[in-house]
Amino acid sequence: HIITNGFVVDAEGRKMSKSLGNVVAPETIIQKFGAEIIRIWVASSDYTEDPRVGDEIINSVVDAYRKLRNTIRYLLGALHDFDESQIAPAAEMPELEQYMLHRLAELDESVRRSYEAYDFKTVWRRVFDFCALDLSAFYLDIRKDSLYCDRPDAIRRRSARTVMHYVFERVTAWLAPICVFTMEEAWLTLHPSDDGSVHLR
């Protein structure tokens, strides 16, 4: 309803109108890409001005969502059969893992502040950038050899999986209000439960 009632404008900033043929129906986006795309688009929009929507904007949201899913999928694979008895003490971790835990703590503080201020755009941008840049393009790329080649009890591998465990716990909680279905699916994949939910966290 919001999209067809003039609160949202097209990619060029023009009011949506059937006569102009620039109306974008939410149902069409949901049928084609899923409801998460609408939620991410809303969360990433600047609601201090009329939000814009168009094919290019929606396609960029779809691309971001795919990158996020790939990161979550990687974490799920890396954390298969991980349990808290395997957590490595922070003091024994290599500096790279200590740095990633520091980044995680900084981001947690920022995300909480942004949610308290209803600043969803900042939440989405910072968490997505963390997943795409700090994780996928940096940390996970560096530590993939350790995951595949080190002995299961090697401190470097244990440390990497510990960091990935903490990252998974935080990212799924941070994004649960935005990517409602995706974070629930990811959480229950790692923590199967009949009555548990990422949304209870």
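Of the chain's 201 residues, 41% count as buried. Keep in mind that you're looking at a predicted model.

**Exercise 1. Work out which elements make up the chain, and in what order.**
Start with the tally: there are seven helices and two strands. Now walk from the N terminus, and you'll read β-α-α-β-α-α-α-α-α.

**Exercise 2. Classify the ring pair of Tyr99 and Phe138.**
Step four, check the cover: Tyr99 has a relative accessible area of 39%, so call it partly exposed. Phe138, at 32%, is partly exposed too.

**Exercise 3. Do likewise for Phe168 and Trp187.**
Here the centres lie 6.4 Å apart with the planes at 5°, so this pair is stacked. Phe168 belongs to helix H6 (residues 155–175) and Trp187 to helix H7 (residues 180–190), so the pair ties together parts 19 residues apart in sequence.
For burial, the cut-off is under 20% relative accessible area. Phe168 comes in at 0%, so it's buried; Trp187, at 10%, is buried as well.

**Exercise 4. Find what else the aromatic rings are doing.**
The whole structure holds six aromatic pairs. Ring pairs also join Tyr115, Tyr118 and Phe120 into a cluster. Finally, look at Phe181: Arg39 lies over its face, 4.9 Å from the ring centre.

Methods. Residues numbered from 1 in each chain as written. Predicted model: local features only at pLDDT ≥ 70, side-chain atom pairs only at ≥ 80, totals over all residues. Heavy atoms only, no water. Helix = DSSP H or I, 4+ residues; strand = E, 2+ residues; numbered from the N terminus. Buried < 20%, exposed > 50% of the residue type's maximum accessible area, 1.4 Å probe, protein only. Phe/Tyr/Trp six-rings, centres within 6.5 Å; stacked < 30°, edge-to-face > 60°. Lys NZ or Arg CZ within 6 Å of the ring centre and 35° of its normal.
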